[in-house]
Every structure is written in C-alpha cells, then in structure tokens.
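Q: Could you walk me through this structure feature by feature, giving the general idea before the particular case?

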Amino acid sequence: KDDTRFPYVLQCERIKIVEEALKLAKAHPNIELRLASTFTGFAQDSDGVTARITNAAGESESLRGAYLVGAEGARSIVRKELDIDFEGFTYPDRTLNVEVAFDFRKYGYTERNYISDPDEWSNLFHWKGPPDRWRIHFPAGAEEEAALMRPEALQARLQKFLPTGKPFDIVASNLYVVHQRVAKKFRVGRAILAGDSAHVNSPIGAMGMNSGVHDAFNLADKLTKILRLEAGEEVLDRYERQRRHVALTHTQAQTIRNKRLLAEKDFAVRQRNHEELRRTAEDPKLARAFLLRTSLIESLREAEQIA
Ligand SMILES: Cc1cc2nc3c(=O)[nH]c(=O)nc-3n(C[C@H](O)[C@H](O)[C@H](O)COP(=O)(O)OP(=O)(O)OC[C@H]3O[C@@H](n4cnc5c(N)ncnc54)[C@H](O)[C@@H]3O)c2cc1C
C-alpha cells in the first residue's frame, strides 16, 4: 500500500477496459475517433507521416500527422512496413481455452488460479459474471484440432480437472498459439511501436496489456513534450531504451519463467520451486519484492533510471 494507490489486482473482461477507454477518447476534444476504418500503410518524410486508410464507406483516404504510433497488435503493419524483426520464439505447444458456465469458487478456487502440474498445467480465471463464466487453459500438444475440440474430449479434460460427475456447460472453446517476441526497434523516424505491435508474451502472469499501457503512458508523455517544444525528438530513443529493456528483462523473462514453473516435470526442481514460493509467501520482505516485480511496478522504477 506504500507503493501504489491501487494495491490490488483488477480483474475484468477486456471489453470493459475498451469501453472505458472509448468513453475517455470520445470526450477528449483533441481526439478524432475513426471506427470501422482499416489502416493499410504509411509513408514518412522529414516533416510528418501520411497514413493510408480505408474508411467506413470503403473509400481510400490519407491522413497526415506529425507522428504515427503503431498500436495495431501483434500483426502490426507499421512494424512490417518498417521491416523490423520480431525477435524471439513461438512455443511448439498450443493452449486450449475452454469457457465454462460454472462457479468454481464453490470448490475452493479463487478468482485467478495458476495450477502447476507436470502432466497438465492449467490456468483458471473467473472471467465474467453473473452469470458466471470461467476460462480454463490447458496445454495442447500436436493432436489434430478437430480431435482436441470434440465435446467429449473437452468434457473429459474438465472432469480430470474437477471430477464433478456431471457434464460441464461449455460455452465456447478455442486453441491459440503463444509467442514470446520483442521488436528489434521500437522506433524508426516518426513511426513508433507500442503494445503488442512491439512485444508479445504468454498470458501466464497477465502482463501483456499491462505493459502495453505502460508503453502508452511513457510515449504519450514524450510526444506531448515534443509537440509543446519542451523536448527534442531524442526522447523517443529513450522511450525505446526504456520500454525495450522492460519488455526483455521483465515481461519476457517473467512470463517465460511462469510457464516453466507451471509445466516443470523434474520432481526435485518442482519441490525447490514450491519451497521457494512458500518461503516468499511467508516472508513479508520477499513477498513485497515478489509483488513489486509481478505487478511491473519494479519495471517502471527501473525504466526511470535509464537515461
Ligand atoms: C488468452 C489471453 C489472455 C490474456 N490475458 C491478459 C491479462 O490478463 N492481462 C494482460 O495484461 N494481458 C493479457 N493478455 C494480453 C493482452 O490481450 C494484449 O497484450 C493486449 O490486448 C495488447 O493490446 P494492443 O492494444 O497492443 O493490441 P490489440 O489488443 O491486439 O489491439 C489492436 C487493435 O488494433 C486493431 N487493428 C489491427 N490492425 C488494424 C488495421 N490494419 N487497421 C485498423 N485497426 C487495426 C485491432 O482490431 C485491435 O482492435 C492476454 C492475451 C491472451 C491471448
């Protein structure tokens, strides 16, 4: 509580955050929202950037601005047009996401659960409700997608997770691939990357959006200073130094470690990991350091020290 005004985890559906952000954007006099428009490419020169879009009516349009922030997610056109490498790796195993109408709290689960298991690790989240919807993630190997997604196969997995003896009410399911990648550069001239266009990571640890929001705060502060003539363009290089450092040494490092912790197969290593977790939970000093790291507060403090 001495480190942040928000000493808790806020867990909510992503759409709620989008709705709040939309409200703020609509109310801001300097923001012109263009929904249902597709960004198709851009060109830059020494004075500014021209973005090409296909607008809601299906017409091509050009928009001129001083800077372009590519915040269009992992498949970023800006990153690709700048020919920036997206360095890292993709996990060979996929993740199976099953959405269930059920209240797992009745069985002792909390709102967020990370379950370590040498054969079948899983994550269980109270995703929304009422009516209650929970999401369970399981590792998925090389099996055919159709076989993995068969209703009987999903039910069997859920029964193995929690044997209720009754079929679960499965609302949805999908398979996704997990990448651990960071763009080699976050900026070329007047085009800058932020959020998933600059870095992607495993959701284990809930850091992707959080670190993207930190990019946005950092970058907005610097762009505002440039536009008010209070700073030169070199502050954008500091943005890259700060946020790329955080992506590599905090978000990537922690999410890779989280996945390894959950899936560890070696009995002795598992025991060591669990003992360390127990020790951390019991020792207030270690627990505070753990929370500062996992909440990314430490990453912000470290980034502040980067010139
Ligand atoms: C299963 C799962 C669970 C997750 N859980 C968490 C969590 O608990 N906490 C957390 O912090 N993170 C979590 N993440 C990560 C988080 O979802 C992402 O890091 C975050 O959404 C990235 O935000 P973004 O705005 O950078 O990109 P995106 O969310 O991908 O948004 C990009 C937007 O740009 C739009 N767009 C793309 N291309 C174009 C174009 N050409 N023209 C116009 N628009 C375009 C897209 O439609 C989209 O609206 C999770 C991810 C997954 C897969």
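Q: Which residues of helix H4 (residues 151-161) are buried, and how should I read that word?
A: Buried means under 20% relative accessible area, exposed means over 50%, and partly exposed lies in between, with a 1.4 Å probe and protein chains only; helices (H or I, at least four residues) and strands (E, at least two) are DSSP runs, numbered from the N terminus. In helix H4, the buried residues are Ala153, Leu154, Gln155, Arg157, Leu158 and Phe161. Their cover, where contact means heavy atoms within 4.5 Å, includes strands S6 (94-101), S7 (112-115), S8 (122-128) and S10 (169-176), together with S9 and helix H3 (145-148). This is a predicted model, in which local features need pLDDT of at least 70 and side-chain atom pairs count only at pLDDT 80 or more, while totals for chains, interfaces and linings use all residues. Residues are numbered from 1 along each chain as its sequence is written, and side-chain values use heavy atoms, with hydrogens and water left out.

Q: What does the protein come to as a whole in secondary structure?
A: The secondary structure comprises 9 helices and 14 strands, and the C-alpha trace spans about 65 × 50 × 35 Å along its principal axes. Of the 307 residues in the protein, 37% are buried. Among contacts with a separation of 6 or more, 63% are between residues 24 or more positions apart.

Q: How many residues does the largest nonpolar core have?
A: In soluble globular proteins, nonpolar side chains tend to be buried together. A nonpolar core is a set of buried Ala, Val, Leu, Ile, Met, Phe, Trp, Tyr and Cys residues joined through side-chain atoms within 4.5 Å. Here the largest such core has 27 residues, and Phe42 and Val78 are those with the most contacts inside it. Two or more residues each are given to this core by S1, strand S2 (49-54), strand S11 (179-183), strand S13 (191-193), H5 and helix H6 (235-263), and the largest share, 4 residues, comes from H6. A second, separate core has 17 residues, including Leu124, Ile136, Met149 and Phe161. Returning to valine 78, and not counting residues up to four places away in sequence, this residue touches Phe39, Phe42, Leu68, Gly70, Glu72, Ala191 and Leu193.

Q: Is tryptophan 134 buried or exposed?
A: Tryptophan 134, found in strand S9 (residues 133-140), has a relative accessible area of 0%, so the residue counts as buried. A polar contact is a pair of N or O atoms within 3.5 Å; within protein, one must be able to donate a hydrogen and the other to accept it, and residues adjacent in sequence count only if both atoms are side-chain atoms. A polar side-chain atom of tryptophan 134 lies 2.9 Å from the backbone oxygen of phenylalanine 102. The C-alpha atoms of tryptophan 134 and glutamate 99 are 5.6 Å apart in space, although these residues are 35 apart in sequence.

Q: Where is leucine 229 found, and what is its phi?
A: Leucine 229 is found in the loop between H5 and H6, and its phi is near 60°, a positive value in a residue other than glycine. With a relative accessible area of 77%, leucine 229 is exposed. Alanine 36, in the loop between helix H1 (14-27) and S1, also has a positive phi, near 55°, and is exposed at 65% relative accessible area.

Q: Which peptide bond from glycine 129 is cis?
A: The bond from glycine 129 to proline 130 is cis, with omega near 0°, and a cis peptide bond also joins proline 130 and proline 131, with omega about -10°.

Q: How many residues surround the ligand?
A: A residue is near a molecule if one of its heavy atoms lies within 4 Å of it. In this model 17 residues surround the ligand, the closest being Arg14, Phe39, Asp196, Met209 and Asn210. Strand S1 (38-44) and helix H5 (208-227) each supply at least two residues of the shell, with H5 giving the largest share, 3 residues. Polar backbone atoms lie 2.9 Å from a ligand oxygen atom in methionine 209 and 2.9 Å from one in asparagine 210.
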